[in-house]
Amino acid sequence: MEELFANLSLGFETAVSLQNLTYCFIGVFVGTLVGVLPGIGPLAAIAMLLPATFNLPPVGALIMLAGIYYGTQYGGSTTAILVNLPGESASVVTCMDGHAMAKNGRAGPALAIAAVGSFFAGTVGTILIAVFGPPLAEVALKFGAPEYFSLMTMGLIASAVLASGSMLKAIAMIFLGLIFGIVGTDVNSGMSRFTFGASGLADGLSFVVVAMGLFGFGEILSNLEKGEEASSRDLLNAKLTHLYPTWEDMKLSAGAILRGTAIGAFFGTLPGAGPTISAFSAYALEKKVAKNPEQFGKGAIQGVAGPESANNAAAQCAFIPTLTLGIPGSGTMALMLGALTIQGIAPGPQVMTQRPELFWGLIASMWIGNAMLVILNLPLVGLWVKLLRVPYRLLFPAILTFMAIGVYSVNNLDLDIYLTVFFGLMGYVFLKLKCEPAPLILAFVLGPLMEENLRRALLISRGDPLVFFTRPISATFLILTILLLIVMILPAVRKKREVAYQEPPAA
Amino acid sequence: MSQAIKSALAIFAVTVTAALPLAVAAQSYPNKPIRLIVAFPAGGSTDIVARLVAQRLGERLGQQVIVDNRGGAGGTIGTEIAARAAADGYTLTMGTTSTHVIAPAAYTTVKYDPVKDFEPITLVASTPYLLVLHPGVKANNLKEFIALVKSQPGKLNYASAGTGSTTHLAMEMLNRAASMDIVHVPFNGNGPAGTAALGGQVQALFGSMPAVLPHAQAARLRPIAVGTSKRSPALPNVPTVAESGFPGFEVSLWLGFFAPKGTPKVVLDRLQKELTDIANNAEMKAAFEKNGASGVTNTPAEMRMLMKEELDKYGKVIKAAGIQLK
């Protein structure tokens, strides 16, 4: 304990220097600005801004990059809520109830609760890293191919819960997502699948392309159809009752924030789809425990608070394997390790002992960065909400332009822009058919990981499927999956039918 | 500098200009920023070497050298862009064993010819491959490891950064050289492959030095052999595969500069001179060594030779192992 305090005080000493505070602020500020641009998520933002940190001292560079990381993460939620544009896969969940809240004139409370939830989750995440970092990292090493497969299976089954409408349509969307996930080079054989000879498809469809198309583009198309007057009314007529959450909102969200944080902290340490799985699981859980499950998808504040906290806790805990073992859990974390290498620091377990000021300084700066984020963003809520008053004839072209730039900037490929248009048209059709795109997106993200790990697990076990049941962690996930199925199929089917009868179809 | 000398120089310059238009091209090169295409994403090992060199090259040429990351499809997208770029010396690319040997040999769809479409300039660095074992594996050196694999053929597994990656081919070469049978389990990149070896999901990994060196130093992975012909200064006690009974065994990843075919010779000569100086610079060598790489230089002729030899060497392994990528 004493050592922990000594370490933390070293960390704060490092982070609170004027220079490092400035780097932290610049990172958070630039991250937020870049993050609200549609299509630019943390990965693209860090890749673009990485060279800017090359000439900074190592601690400063890392603190600034970490600031950019949570800045973009948060900025991504802002666009998800305001204009239905998820910046990264975890924000897809935020779109569902966040944007619904914005349509009800409650964009302010949605943004504010996202900021508060993220800050709380970030604080818990930081404490977890400081206290349990190294032992938690060892847990990550226990996850082999069978464990990942079972975890992904659970996530996929849980995604059916996401749909607020027809179960059959949700399952159809899941399958469609799995098919889109197949595009690209197969990790096991190295063969291309469904690339039609285009080298731009060799690495698969990019998440940004699919999400921007299905959500943002599709939404804009369907709004055009309504004509300006009618569509503006959507956001404006529902008068802005409150800019900030009411007492009632806070009470509803408190539990969701706690549960979301716990889920995020658990999944975040696992290399791979940490934030996405956490956000989706948190949503599914909130919908299950809520007294008002029929409100989900129509603007339930817990549907924003839970996933946002989960996402941020996971984003924070993703640093654990990266810093303590030198194992990058995601593309973004791989970039952070690259930044360390450029600074002449070999990333790995020895960083903590050889460069304690760097390790603890970064941890202290995480908390400072999260605090800055909340201070920066709460006042901005008013500004963002005003943005919604910009007439659609100005707002839509601007969004489309930024979206095209964002999509292009991920891989510098023009093919990606055309693909976004394709998915945009598809998103419009889905809206017409009342098929929700969220399960598709989750299947698109999890499907390839699931397949890869299924085949890898069977390759290592030499074809013996029992491996999924004999390994305890994997078996636990599979049992949870079965329980989830039972819980879902029995009462949910009955309840949903009733709900469908009682309520007029949502617009 | 006195006025007289200045004007004398000016007269000299004018004369030379009239006489040797080519020399002028060299003198005025570069007069605008140079684009260095890196066919891998920012932050990866190729990108890091490229950026270290680019900064110094820019200082020496008096023009900025801008790194343009064009990742994707195993480095073939960016390399193809470089092959098609104007051959004026303002577009260069950082080629590696992956982009200029393995991809063309393994992929049937690569749209450039590594030898015919490029002017090689010089190598700048090379990173060895390091054979590491999970600490639970009962083998302390290469001989014991081979004996262990042979005692239970087809039972042990090794990780690679992907089918057809250098880490895959390195182990396949050893598999063949030692006539042993250890099963290939492909992962999606060096990071996940390293994690699998750390967690004991697989027993072995013939990993790239920068990726596995920190784990070897922390004793979380046991290094038993390096793939280069000489030992690595970073791990002087670890023998080479060649000295452990396989003379001539050599697998490493080299990184070098290429210009599109037809780039003027004066420009290539200038770049060759500057890049050689940079790679041989003591400070640069130290920066490379810290990451388990080493600074190496050669001539364009040697580079062509190297590519031809390696295309042949890896081509054989790819064929024998039945690897076909599309």
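Because the model is predicted, local features need pLDDT of at least 70 and side-chain atom pairs count only at pLDDT 80 or more, while totals for chains, interfaces and linings use all residues. Residues are numbered from 1 along each chain as its sequence is written, and chains are lettered from A in the order in which they are written.

Chain A has 22 helices and two strands. Here helices (H or I, at least four residues) and strands (E, at least two) are DSSP runs, numbered from the N terminus. Along the principal axes, the C-alpha atoms of chain A fill a box of roughly 65 × 55 × 50 Å. The radius of gyration of chain A is 22 Å, which agrees with the value near 23 Å that a compact globule of 507 residues would have. That radius is taken over C-alpha atoms, and the globule rule is 2.2 Å times the number of residues to the power 0.38. Of the 507 residues, 59% count as buried. A residue is buried if 20 or more other C-beta atoms lie within 10 Å of its own, exposed if 12 or fewer, and partly exposed in between, with C-beta atoms placed from the backbone. Among contacts in chain A between residues at least 6 apart in sequence, 80% join residues at least 24 apart. Two residues are in contact if their C-beta atoms, placed from the backbone, lie within 7 Å.

One helix pair in chain A can be described in detail. Two packed helices are described by the angle between their axes and the distance between the axes. Helix α5 (residues 91–103) and helix α13 (residues 302–317) of chain A pack at about 145°, and their axes are 8 Å apart. Axes are lines fitted to C-alpha atoms, for helices over the stretch in contact, and angles run from 0 to 180 degrees between N-to-C directions. The crossing of α5(A) and α13(A) is left-handed, a term for the near helix being turned anticlockwise from the far one by less than a right angle. On the α5(A) side the contact is made by A:V93, A:T94, A:M96, A:D97, A:G98 and A:M101, and on the α13(A) side by A:G303, A:V304, A:P307 and A:E308. By class, these residues are five nonpolar, three polar and two charged. Ala, Val, Leu, Ile, Met, Phe, Trp, Tyr, Cys and Pro count as nonpolar, Asp, Glu, Lys and Arg as charged, and the others, Gly among them, as polar.

Most residues other than glycine have a negative phi, and most peptide bonds are trans. A:N84, in the loop between α4 (58–83) and α5 of chain A, has a positive phi near 65°. A:N84 is buried because 26 other C-beta atoms lie within 10 Å. A:R462 also has a positive phi, about 60°, and is placed in the loop between α20 (437–460) and α21 (467–470) of chain A. With 11 other C-beta atoms within 10 Å, A:R462 is exposed. A:V487, in helix α22 (residues 472–502) of chain A, is exposed as well, with 12 such atoms within 10 Å.

Chain B has twelve helices and ten strands. Its C-alpha trace spans about 80 × 40 × 30 Å along the principal axes. Buried residues make up 53% of the chain.

Chain B is divided into domain 1 (3–127 + 253–320) and domain 2 (128–244), with bounds that come from an automatic or database domain assignment. The centres of the two domains, taken over C-alpha atoms, are separated by 31 Å. In chain B, 14 residues of domain 1 are in contact with 14 residues of domain 2. On the domain 1 side, α5 (97–106) and α12 (300–320) of chain B each give two or more residues, and α5(B) has the largest share, four residues. That side consists of seven nonpolar, six polar and one charged residue.

Chain B also holds a cis peptide bond, from B:Y29 to B:P30, with omega near -5°. B:P30 is in the loop between α2 (21–28) and β1 (34–38) of chain B.

Between the chains, 38 residues of chain B are in contact with 40 residues of chain A. The elements of chain B that give two or more residues to this side are α3 (45–61), α4 (76–84), β6 (183–186), α8 (190–198), α9 (209–217) and α11 (282–290). By class, the chain B side has 14 nonpolar, 18 polar and six charged residues.
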